[in-house]
Amino acid sequence: MRSKKLAMLVILALLNLLYMKAPTSSTLSDDNKPPFKQNLPLPRIKPPFKQNVPLPRTRSATSRSIVSVVVSDQLEKEESDPLVPPPKATKSERISWFRRKLPELEILKSTTKSKRFHGRVLELYNKNCSAQFFMVWLSPAKSFGPREMLAVDTLFTTNHGACLVILSNSLDSPRGSTILKPLLDQGFNLVAVTLDIPFLVKNTPAEAWLKKLKSGKMDPGSIPLFMNLSDLTRLAVLYKYGGIYLDTDIIFLNSMTGLRNAIGAQSLHPRTKRWTRLNNAVMVFDLHHPLMREFLQEYSTTFDGNRWGYNSPYLVSRVINRLGGQKPEYNLTIFPPDAFYPVNWLKIPSLFKKPVTTREAKWVEKTVQEMKEGSYMIHLWNKVTRKMKIEEGSVMHRLISTHCTVCGNITESHT
């Protein structure tokens, strides 16, 4: 059935080529690129406890190409569909649906390609990296757009000598290589690698959870499975390798290469100033850190696929709240919101608007200066801002224009 669908797609693509002008491909322009900006001094942020110490170093348009893109897009769509449960299904219906889909879920298996994961990660990290970063991308390659490119771009322009592994089956492909080419052409130490989830959770508390999931007897939840797999993957990869995990909707302002064993608060109590919620969008941990193992244990034993955030921000918050963060063996720093989340999701749209009055212009100037001096990054909260235009002269425009090498026309391409 699938082969017939692909055959029809090929025929339609060829007919389209005959009767229509072939679409021209576009890449992010690298004309008039600004020079690399030197690292700014580390932000003057006072963490609630224990200062960080440096992270140790560790080792053209033809019929064939058009048809290939059409088929690739269809395969990407089919690959992602099994991870999205049917809407309004009951628990028993979801379990039955998931049991039927299990044979299709390559992401849960160790394959010939995924078994290269460990070797490829070590190959990159043996380049004497100043820091080792991880991102996770479980969506189709074609949706890795300007915002995500900007996150990677600013990572390298502020963290000189860093290495980045993007854990992504879709980007570890010819299409993915084309998408990432502008960044690779800059000489950045970057690689997209097909992840091996069975390998990552082996000999960790999450191994039992994966076994139960693959048995087809547990409820995968109403939340798309790729979201919960992303939460699991970031914990497992930090436990196995150590380093810095980051979401892809982040703009870097300062180098993180000197951080160790750190996590950021998203919110504080207005009176006590104690954190009320932590966030797992940015995490820095040493290899085999005991807290990472606790996070994996919590994921495995309390997993709930029906409650948004339960296996991610709420997970790290409840574990650290229960265990306490100041045990000597943790060597943990909990940063205040200004470090990683200087603007909450309710106020983030204001950073995209250009000033129209003198008062607003002064506010933009003040905000830009404060963020450059007091924040490592800005979390863009993409669910809120993905479709927002970055207006010229706005806070975002001012900050991005000094940290961008391949993102071209910022105000036009980031909508």
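Me: Hi! Before we dig in, what counts as a disulfide here?
Reply: Hello! A disulfide is a pair of cysteine sulfur atoms within 2.5 Å. Keep in mind that this is a predicted model.

Me: Thanks. How many disulfides does that rule give?
Reply: The count comes to 1 disulfide. Cys129 and Cys163 form it, with their sulfur atoms 2.0 Å apart.

Me: Where do Cys129 and Cys163 lie?
Reply: Cys129 is in the loop between α4 and β1, while Cys163 belongs to strand β2 (residues 163-167), so the pair ties together parts that are 34 residues apart in sequence.

Me: And which hand does the disulfide have?
Reply: It is left-handed, because the torsion about the S-S bond of Cys129 and Cys163 is about -85°.

Me: Are those two cysteines buried or exposed?
Reply: Cys129 is buried at 1% relative accessible area, and Cys163 is buried at 0%.

Me: Switching to backbone angles: what is the phi of Asn128?
Reply: Asn128 has a positive phi of about 55°, although it is not a glycine. Asn128 sits in the loop between α4 (117-125) and β1 (132-136), and is partly exposed, with a relative accessible area of 49%.

Me: What about Lys273, where is that?
Reply: Lys273 is in the loop between β6 (262-268) and β7 (275-285). Its phi is positive too, about 65°, and it is not a glycine. Lys273 counts as exposed, at 55% relative accessibility.

Me: Last one, the big picture: how many helices and strands are there?
Reply: The protein has 16 helices and 9 strands. Of its 415 residues, 51% count as buried.

Definitions and conventions:
Residues are numbered from 1 along each chain as its sequence is written. This is a predicted model: local features need pLDDT of at least 70, side-chain atom pairs count only at pLDDT 80 or more; totals for chains, interfaces and linings use all residues. Side-chain values use heavy atoms; hydrogens and water are left out. Helices (H or I, at least four residues) and strands (E, at least two) are DSSP runs, numbered from the N terminus. Buried means under 20% relative accessible area, exposed over 50%, partly exposed in between (1.4 Å probe, protein chains only).
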